[in-house]
Amino acid sequence: MPSLTLSDIAEMLHVPAPAGHAQTTVTGMATLADAGPTDLSFLGSDAYLKQFAATKAAAVIVQKRVKLPRDVARPVFVVDDADLAVARVLERFAPAVPRPPVGRHHSAFVAPSASVGDGARIGMNVFVGDGARVGKNVVLHPGVYVGADVTLGDEVELHANVVLRERVTLGHRVIIHAGSVIGTDGFGYRWDGTRHQKVPQIGTVIIEDDVEIGSCVCIDRAKFSATRVGKGTKIDNLVQIGHNVVIGPHCIIVGQAGLAGSVTLGAGVVLGGQSALRDHITMGDGSMVAACSGVAEDVDPKMIVSGLPALPHRQSLREQAALRRLPDLVTQVRKLQEQIDELKRAGGAS
Amino acid sequence: MPSLTLSDIAEMLHVPAPAGHAQTTVTGMATLADAGPTDLSFLGSDAYLKQFAATKAAAVIVQKRVKLPRDVARPVFVVDDADLAVARVLERFAPAVPRPPVGRHHSAFVAPSASVGDGARIGMNVFVGDGARVGKNVVLHPGVYVGADVTLGDEVELHANVVLRERVTLGHRVIIHAGSVIGTDGFGYRWDGTRHQKVPQIGTVIIEDDVEIGSCVCIDRAKFSATRVGKGTKIDNLVQIGHNVVIGPHCIIVGQAGLAGSVTLGAGVVLGGQSALRDHITMGDGSMVAACSGVAEDVDPKMIVSGLPALPHRQSLREQAALRRLPDLVTQVRKLQEQIDELKRAGGAS
Amino acid sequence: MPSLTLSDIAEMLHVPAPAGHAQTTVTGMATLADAGPTDLSFLGSDAYLKQFAATKAAAVIVQKRVKLPRDVARPVFVVDDADLAVARVLERFAPAVPRPPVGRHHSAFVAPSASVGDGARIGMNVFVGDGARVGKNVVLHPGVYVGADVTLGDEVELHANVVLRERVTLGHRVIIHAGSVIGTDGFGYRWDGTRHQKVPQIGTVIIEDDVEIGSCVCIDRAKFSATRVGKGTKIDNLVQIGHNVVIGPHCIIVGQAGLAGSVTLGAGVVLGGQSALRDHITMGDGSMVAACSGVAEDVDPKMIVSGLPALPHRQSLREQAALRRLPDLVTQVRKLQEQIDELKRAGGAS
């Protein structure tokens, strides 16, 4: 990892360097508890003031709203947005991702009819099929499979053992992590009276610019036309995306979420972990699904839904609150009946 | 893609060709909205009549029950079952799956004690272990691992990077999509007081004829005897099948479903996406589980269950309907108590 | 499989050999129903007495508490713990896992700066990056990717197509099953007003001794510092473990569970299948989550939680019981109102 002076960091964060420590150097980033004397750390809330007092960190990035004790001797950087500051510092400390060298490993296969842009790095045992087009500075880690007629934009990076089936198209700067599979046949059969007959899935998958996809993600090819992931969308690990799904730009899809066939997501939609969307539903721009929810109906723009089945989040919270009281309610209703019976007896007796 | 005349299509669908357009050609299939002048499209319900009016498609397959306007000039094929008609046309338009050539890629390894049937296609970097038997016309895409003593029936197709562990058996025409793993040790341990001791999993996995398995599916080997998937069953992506599960013929298992150890499915069972089945339960022939449900008890034949925990579907719907009213019910019960208190006071006052 | 006499088995189980059958041999283990005349079987509960009567097994391990008929002719081993006895026998019958031979397959790549311990088995197409350290007797099956600066302890076994990204560390005797990916970037972005900006994930993953990990499992690298899995923990297939998760020793994580970022598990925690844990929560030592539950708050040591959202298990059961009665409760409350109205009319009429 690189070594930075506190003066370098101050410049990066657009704040003053801690007086008298401008030339102190740090070589990494760690939590307050884990930090050693050459680490930078951060303090984002009052809850960690004790750890701050005890940390061995060389210096600490501190969120402005945190109430520091008056007599702090430790060098600090007071910033408006500690998360952003940390992200910037991490960029400087980030070690380079090890990549195959520019060129083609001798064990790789590139079909004579495929084209490969300048600066591409094609690793060990990579397969590039007929008619594939590989953009400039593309990185294909070992064991990657690029099917026939696939198109990869510039600066695409495919990690080890990623599989792109035939005719899939990726925009520029798409990153796909190890073990993901794009372009498997959509799950479509017709029962013909004796067996499930496969419905051919002749479409493809289009991934737009700046999409990042986690590990062991499955995105199926369309029945016809294309399954589509909009630009800048980020997808976590183990997500399932069915055939003919259309995902807008800048969505966030958290781990193990599942989108059944022909789902449509607008722009900036957020799907929580393990959430599930029924086939053919539409989620409006900026809508959100809480983790573990199951969405069975269309969701309006900016609406937040949660639960199984998913309801507007407020309604879901009200139901949950009522559900916490339900066992008592059952008792209460029994007692009401007893009181009414008593009143009836009293009335009859009168 | 191939080019077909409307006359060809009429013949395929057993309906008359549109008058005066028999020689018009189409080269693909698309939705009404996406179709261009050389595409065929389809209309399955009245909901899409506006798109039908505006489409550029050369011709449209129309479901009989749809009420077309009287003066339709566009060539149409009126059919009893639009989905079936579309499936048939897709079969004709389906481009061939790119496959390794017949024979063995020089980088592949086939153990001398393994046997390989005529017409097999063994791609780049494939591994075929000792004693494996590979049937006729089998297709092994790049990076496939076929363990020792594995048996593959005729016309099996294993997509890139599929792993079959030792002794697994596949019937004829089984398709497994990229990245799936068959034959991992079942998840079995015994706590011995200080650590979880591994229970050996010495059984295997048997996949019968005509099964299709999606991507990143895991099917574990049995503790002893075999985990079994019945003929004609279709399994979607990211499904987990535990040790000693026995799945009947012609089941449908949708994406991200999970079957714990020793589950038994009868014939024609349908499991919705992200559904979960507790270990050792049995589902009768033709039973179904709704998406996102968690089944903790045996399910009778033909029964539909839903919810968490899964209940008979009607009961589940009734509970959900009641749950929607629960917050109001809490208020209502409070008001009942007030009225009773009032009646008591009135009674006491009288 | 090896052949054992009933005398051998008696010795293994520390019980007497069945009189007159000490030299009978068995060659495998099967259920009562499946067993043939050279198989050993087992009987764990009275529920299977009919199958016991009909089995063809050469001998049967019988749980002490089972009430056998008086006149049993079949050789039996009566034991205190049938599961443990079966596990011991399975160890003897377990066929050896086929492994690459000691040494390095000619198609494997091992960086000159990497070190490899004695007895290591490096299979076909394996990649071992710069500076990696491979311990003694490590087994790397075909297609494994070991990134730069990875450390593997002694006797580690990585099954086919496992991917370990750069700088990941594994202790001794770690087993990872086929298709799993360790060390993918954590899922972290910041919205900068126009796009999700990637937050560098510069940490790593540390897996301690004796951990076993199933297939298609994803464990992400930390934002900084390390995602950590404690010694002896066992992880089933298709599990998602986010960045900066810390898992204690001897935990059990069942298939398709998901742990969001910065979750902390104590020692001996059990997570059921498809359970989900919100980011930053802590589960105390010996706590448990039922299958399909979603945990949104910290869980005390030894506490069992279930449901969506997860509650203490007793409370969850009480709510579920009340929920079963909810449709009737709605009717009951309507009738209460009717009775009260009647009482009011009666009171007004008096």
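Two strands pair if DSSP finds at least two bridges between them; strands (E, at least two residues) and helices (H or I, at least four) are DSSP runs, numbered from the N terminus.

**View 1. The open sheet of chain C.** In this predicted model, 4 strands line up in the order β3-β4-β5-β6 of chain C, with parallel pairing. At the edges sit β3 (28-29) and β6 (76-79) of chain C, each pairing on one side only.

**View 2. Where β5 meets β6 in chain C.** Strand β5 (residues 59-63) of chain C runs parallel to β6(C), and 4 bridges join the two. Look for C:Gln63, which stands opposite C:Val79 in β6(C).

**View 3. Helix α1 on the sheet.** α1(C) packs on the sheet and touches β4 (39-43), β5 and β6 of chain C (contact means heavy atoms within 4.5 Å). The direction of α1(C) makes about 0 degrees with that of β6(C); angles run from 0 to 180 degrees between N-to-C directions, and axes are lines fitted to C-alpha atoms, for helices over the stretch in contact.

**View 4. Helix α1 against helix α3.** Here α1 (residues 6-13) and α3 (residues 82-93) of chain C pack at about 125 degrees, axes 10 Å apart. That makes α1(C) oblique to α3(C), since angles under 35 degrees count as roughly parallel, over 145 as roughly antiparallel, 65 to 115 as roughly perpendicular and the rest as oblique. C:Ile9, C:Met12 and C:Leu13 of α1(C) meet C:Ala85, C:Arg88, C:Val89 and C:Arg92 of α3(C).

**Notes.** Residues are numbered from 1 along each chain as its sequence is written, with chains lettered from A and ligands numbered from 1 in written order. Local features need pLDDT of at least 70, side-chain atom pairs count only at pLDDT 80 or more, and totals for chains, interfaces and linings use all residues, while side-chain values use heavy atoms, leaving out hydrogens and water.
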